[in-house]
Structure formats: structure tokens, C-alpha cells
Amino acid sequence: MTKLTQSTTWKALQAHTSQLPHMRELFAQNPQRFEQMSVKACGLFLDYSKNRINDDTLELLFSLAKEANLTEKIAAMFNGDVINNTEHRAVLHTALRSKAEQEIIAEGANIVPEVQQTLAKMAGFVESVQSGQWKGYTGKAITDVVSIGIGGSFLGPKIVSQALRPYWHAGLNCHFVANVDATSICEKLKGLNAETTLFVMSSKSFGTQETLTNTLSAKDWFLAQGATQQDIAKHFVAVTSNVAKATEFGMDANNIFPMWDWVGGRYSLWSAIGLPIALLVGMDNFKALLDGAHQMDEHFANTPLPQNMPVIMAMLSVLYGNFHGSQSHVILTYDHYLRGLPAYFQQLDMESNGKSVTLDGTDVDYSTGPVIWGGEGTNGQHAYHQLLHQGTALIPADFIMPLQSHNPLGEHHDQLASNCFGQTQALMQGRTFAEALAELSNSKLDEPQKALIAKHKVMSGNKPSNTLLMDKLTPTTLGALIALYEHRTFVQGAIWQINSFDQWGVELGKQLGNDVLERIGADLDATELDSSSNALVNLYRQGKL
Ligand SMILES: O=P(O)(O)OC[C@H]1O[C@H](O)[C@H](O)[C@@H](O)[C@@H]1O
């Protein structure tokens, strides 16, 4: 048994949560519940009153956080301590959005100047591409950017660009290629003109199979369109922490934008990995995104735990995962521009907290990261919300919505908002058997049929949700929102005593995949694997069933 589950607070939470009344009752008992259980920070408003909590729950949760030395752990991250203990690295994505005058030390040196230099290099490049000064090999301005990267070098740029669509520079379009499936790059290249296309290759390690293969195919396509080797420098740039490897690959040294070991892939959109975003929305908007995140960093680092938005959200997630047996968490964005955010938060959280041993290598005896999934409202209401309302799994939900739309049109936004709020209300209050029966009072059904239908209409309610609002989706509010979830992920990892910043679990599959690739390449029958893997490889080699 680890110390965590043996602690008095852990045991008190176990006893306490089983005794808490239904949320309907909690709301009835306390008319101040909304005022007491909502918080505003950095342009975001969080209503967390529709959760299975009362004052005692919160007190116990914050005690758990204190016992985990959360405040000290937050300070250690911001200070550049080597908290990623398995890769011996500091975790300083917060430095990427720091102010120029700050001093942040990693491995004995102030890293803020190099962050600022890279931002300046990005600014010069963005200006030159947007203004048309940067010319392709036939003297034409760039019209299309193809961003090649995967994982953290893909999801951040793609989802933030999608979210900031109203801020795009006229005349530039961006296409994202991640999958090694050739269909992805082939479909993206269809209709593009090599003379006006710029490729941004993003890979922190410069060693990721998918990204290298896609970049080589992009280069072949480019040359096949009539361009020459000398033209490559006008059409290919790279973002990487492995500048030597990028140069060796043939990237022009002037076209390489650096990043650093102390930035984790899934936390890297704030670095030059965000170049596609900056190309689309301009450097001022990119800096506004950084500023929003910086505001959330300040809030997170300096606000007492009970008013600290990321801490509150994290502790609620701990509550459901560890004390209510919940294994999944759903993100519901009531904004079409934010439709990709669940996938982004999925990588952020699941790659960070999908761990089974503590920092010192002890097996955990409690749940860690839940399955994160979701989609855009109202679409999900006509699909998977059924399970949220009446399924057997408890799935806490985050509803995210801007108060103002970028596309005000008739009654659309009022309808969107009413659906959002209506869903959280339905999840919380549910519908009792008596209420369901009363709704059927005018129906022509006989009494046993009414009772049967009423039984099927019963919704237990007491289903938790957070509602996160912002005035409008802007680069600044988006930056704050993403940083909020980054810190929420960090806090959960701190409570569970795990390393949220490595990802060893992705390695074995890559390794075995490479072995299989060698066999396929050598055109050899696989015989030495398990019978299933041997047969699959051999079926593939035969190419037909
Ligand atoms: O940026 P790269 O080095 O190409 O890495 C791309 C991605 O691949 C890895 O497998 C990791 O799981 C991700 O965290 C990372 O973002």
C-alpha cells in the first residue's frame, strides 16, 4: 500500500463521499451555492457548483493537495527544477510565455533571452511570408502552408489554428499532415501549387518516423513539380531541438527554428512549434495567445489553493476518479471553433497521466489519468449524451462556451447557450419516477404502460459538470484556457505522485513496429514472433486474403 491511500484525509474522503446527499438537495440546502462555488480568473469563469461537493468535501480535497506538497511542487516546476526525473529534464513550457524581463534558469543559464530571440526570428519570418516578401522559387508569394508533424508537434498547431480561424491572415491557408498513411499527404497535396507552398516540418527530436517519411515525400513531390534542389531553401523550414540532425537532413541552417529539451512535446505549441499558428494569425495574435497563458501561469503560481482555478478542477477530477470510481472525463465545447479541443486535451492529459508507478517506482494502488474524450455541442446531445444521462458509468463533464459568438446570426447563439445550460441542469437534477409519471398524465396509455415508460424515463441525475465561460474566444482567452488544462493535468499528477512529463509507454510499440518493418523490407517470412503477429505480417506480405 502506498502512503497516499493510507492517509487520514484519503480515508476521510472515502467515508465522506458515500454520505453526501443528491445534488438537488445540496442546491436546495444552500441558496448561495453558485456564488460560493464559482471563480473567475484570466478572462475565464468557472461554475463548479454542479459537482458532488459541499464545504467539507472541498476542505478535504484541499487538505489532500496540501499533504501532497502541491504549493512546493508548483514552485519547483516554475523554478526549473528537474521534475521530469526519468528524462532528467526541467519542465519549463511556462518560460515560453514569460515576460522578456524575467529571469528563468535552466541548467545554470537564463533561458529567457533565447526564447525572445526565437520569437523575434519567428516574427521576421511571419512578416516576410504574410507580406509576400518571402518568394517561392518562381518569384510568387506563399499562399499555402503544409505543416508536417505528429503528436505534440501536430495537435497544438492544428487545434489552435482551427480555434483562431476568425484571426487568419487573408491569402494564407494551412494544411496539417501527421499520419504516415500516404493518403493523408496525398490528399493534402492535391490541388496545391509547389511554387506557392511552404512546408513547415515540426519535430522536437527530428527522429520521428512519420514526420521524416512525410517530409521526404513532400520533398519528392516538390522536386517532381519542376523545382530543383536549390529551391528547397525557399520552401522548407524546420522546427526542432535537434538542429544538428535537421542540418544533416538538408535543412538550410537559416530556416531552422530552435526549441529545447525543457519543453515537452505536448506542451510545445507555445514554442516555435506554434509557427504555423503564427503564420496564420500573425505575431501579435500569437503573442496574445502567449499572454493569456502567462496570465493563467501567474494565477496558478500565486493564488491560494481554494481559489485556484486549475487546482479546483484537478481536485474535482481526483474526487471522481479516486472516490467515485469514475474512469472517464468528457470535454464538451459549445463552440464550433473549439471542436478540436477535446482531442488536444486528450493527448495532454492521457499522455501525461497515463502512468502506473510513482516517481520513485512504486506501483500505484489507485486510479490515475482517466480516459479523456468529447466533442462539440450541440452535436453530441443527439448521440453520446444518452450515456451521460442514463448510462451506468459516471462521467464528469466540462462544458466550455464563449458568451459571444464570432458569427452572431439570428437566434443561433441563444439556442446554443440554452442547450449548454439545459444539459448541465438535466445532468444535475435528473428526473424522478414521480416526475416522469406526471409527464405522462395526459397520455392515452393504461396505468401499467405508463409505469413502464416512466421507469425508462427516469434519470438519476447527480451527474457532475463544470461550466467554463469566457466573453469571447480570442487568442488571449484561448491561451488562458489551454494553460488552465495544462496546470490541471500537472496538479493531478502531483497528487498521484507520478511523472506527468515522460511517455515511455509509447516506445515499445515503436520499437516492435520497426522490427516488423525490417522484416517486411527484407521480404522475409516472419516466424519468430507470436503466432498472431507472424500470421499478420505474412498476410500483409502476400497482399491478399
Ligand atoms: O516532435 P517529435 O519529436 O517528432 O515527437 C512527436 C511526438 O511523438 C512521440 O511519440 C510522443 O509520444 C509525443 O509526445 C511527441 O509529441
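The model is predicted: local features need pLDDT of at least 70, side-chain atom pairs count only at pLDDT 80 or more, and totals for chains, interfaces and linings use all residues. Residues are numbered from 1 along each chain as its sequence is written, and side-chain values use heavy atoms, without hydrogens and water.

| Residue | Part | Distance to ligand oxygen |
|---|---|---|
| Gly-152 | backbone N or O | 2.8 Å |
| Ser-153 | side-chain N or O | 2.6 Å |
| Lys-510 | side-chain N or O | 2.8 Å |

The protein covers 87% of the 390 Å² of accessible area that the ligand has on its own, by the Shrake-Rupley method with a 1.4 Å probe.

Three cavities of 30 Å³ or more are found in the whole structure; a cavity is a set of points on a 1 Å grid over the protein atoms alone where a 1.4 Å probe fits but cannot get out, and its lining residues have an atom within 4 Å of a point. The largest cavity holds about 70 Å³, and α14 (309-323) and β10 (328-333) each give two or more residues to its lining. The lining has four nonpolar, six polar and no charged residues. The second largest cavity, of about 40 Å³, has one charged residue in its lining.

Key:
1 Å grid on protein atoms, 1.4 Å probe; cavity = no way out; pocket = protein on both sides within 12 Å on 5 of 7 lines; lining within 4 Å. Points joined across faces, edges and corners; volume = space filled by probe spheres on them. Helix = DSSP H or I, 4+ residues; strand = E, 2+ residues; numbered from the N terminus. Nonpolar A, V, L, I, M, F, W, Y, C, P; charged D, E, K, R; others polar. Polar contact = N/O pair within 3.5 Å; in protein donor to acceptor, adjacent residues only side chain to side chain.
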